[in-house]
Structure formats: structure tokens, C-alpha cells
Amino acid sequence: METYATVMTEHLNSHGALFGGQLLMWVDQYAWMAASLDFPGKHLVTRAMDSIDFAAGAPNGSILRFVIEKKRVGISSATYAVVVYSNVPDDVQSVPHGEHEYKIFETTVTFVAVDADGKKINLQ
């Protein structure tokens, strides 16, 4: 699945770049959407992200592209790779908007299917 977000003023940290917490919220939300489409009717909760390493920032006005791909399906869990690209480099003077994309973040997110009591259940 692919989806997009625009970095706006309310998403910026005190240095004028995308706040890391905002990016993590989008990563979790969009990966959850992909998993929910793959496993309709299942209640999925986030179990883990494998790493959080921000490779580059994204200034105001950046268009972010989120690429979400299913990597592994277990008995009660599914893991998705998430890669985030920005159309604007850290140094906005060096390249005009849209000429290239820059990878700013990647991780894997694991979701677990649970019942109404929060106990793991089978995905299938």
C-alpha cells in the first residue's frame, strides 16, 4: 500500500522540521490501515516497531510518501515494512521540490490480532 501526507506547520518541532512523534503516528496509523485491509474483521493492535532511526528531517511543505508492504504472517501476528520518503531534502536550498525523493525513515511494525478481552487470537 502507498499513501501520502503533507508536512504542515502544526507538525513541526522547534527546529522547523517534522516532529518525530508525528511521523511515528503516521507510520503506525498507515501500517495499521494496510493490516486491517489484509485482515478484515480482525481487531489488530500494534505490538512492536523494530527500530526508530530518523535518517533525515522533513521541512514544512514536504510531501511524504509511505510505502507499506506485508513481510511476515504468523499465527496471530503480521509484520509490515514501512519506508517513508520526502520530496524535499534537509537542505531545501539544494534541490527544488519534487525533483528527487529522499528516504527519511524505515521500520517494521508488528500487529497482533486480539479478542474483546485483549487476548491473542488466530489471524486466519
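The structure is a predicted model, in which local features need pLDDT of at least 70 and side-chain atom pairs count only at pLDDT 80 or more, while totals for chains, interfaces and linings use all residues. Residues are numbered from 1 along each chain as its sequence is written, and side-chain values use heavy atoms, with hydrogens and water left out.

The protein chain contains 1 helix and 5 strands. Helices (H or I, at least four residues) and strands (E, at least two) are DSSP runs, numbered from the N terminus. The C-alpha trace spans about 50 × 25 × 20 Å along its principal axes. Of the 124 residues, 38% are buried, that is, under 20% relative accessible area with a 1.4 Å probe, protein chains only. The chain exposes about 7,000 Å², by the Shrake-Rupley method with a 1.4 Å probe. Carbon and sulfur atoms supply 53% of this area. Contact means heavy atoms within 4.5 Å. Among contacts between residues at least 6 apart in sequence, 69% join residues at least 24 apart.

The 5 strands form an open sheet. Its order is β1-β3-β4-β5-β2, and the pairing is antiparallel. Two strands pair if DSSP finds at least two bridges between them. Strands β1 (2–6) and β2 (43–49) each have a single partner strand and stand at the edges, so one side of each lacks a neighbour in the sheet. Neighbouring strands are turned by 30° against each other on average, direction ignored. Axes here are lines fitted to C-alpha atoms, for helices over the stretch in contact; angles run from 0 to 180 degrees between N-to-C directions.

Strands β4 (residues 77–86) and β5 (residues 102–114) run antiparallel and are joined by 10 bridges. Valine 84 has phenylalanine 105 in β5 as its bridge partner. Helix α1 (residues 20–38) packs on this sheet. The helix touches β1, β2, β3 (63–73), β4 and β5. Its direction makes about 50° with that of β5.

Histidine 11 lies in the loop between β1 and α1. This residue counts as buried because its relative accessibility is 11%. Not counting residues up to four places away in sequence, histidine 11 touches Thr6, Ala17, Leu18, Phe19, Gln22 and Trp26.

Notes. Buried means under 20% relative accessible area, exposed over 50%, partly exposed in between (1.4 Å probe, protein chains only).
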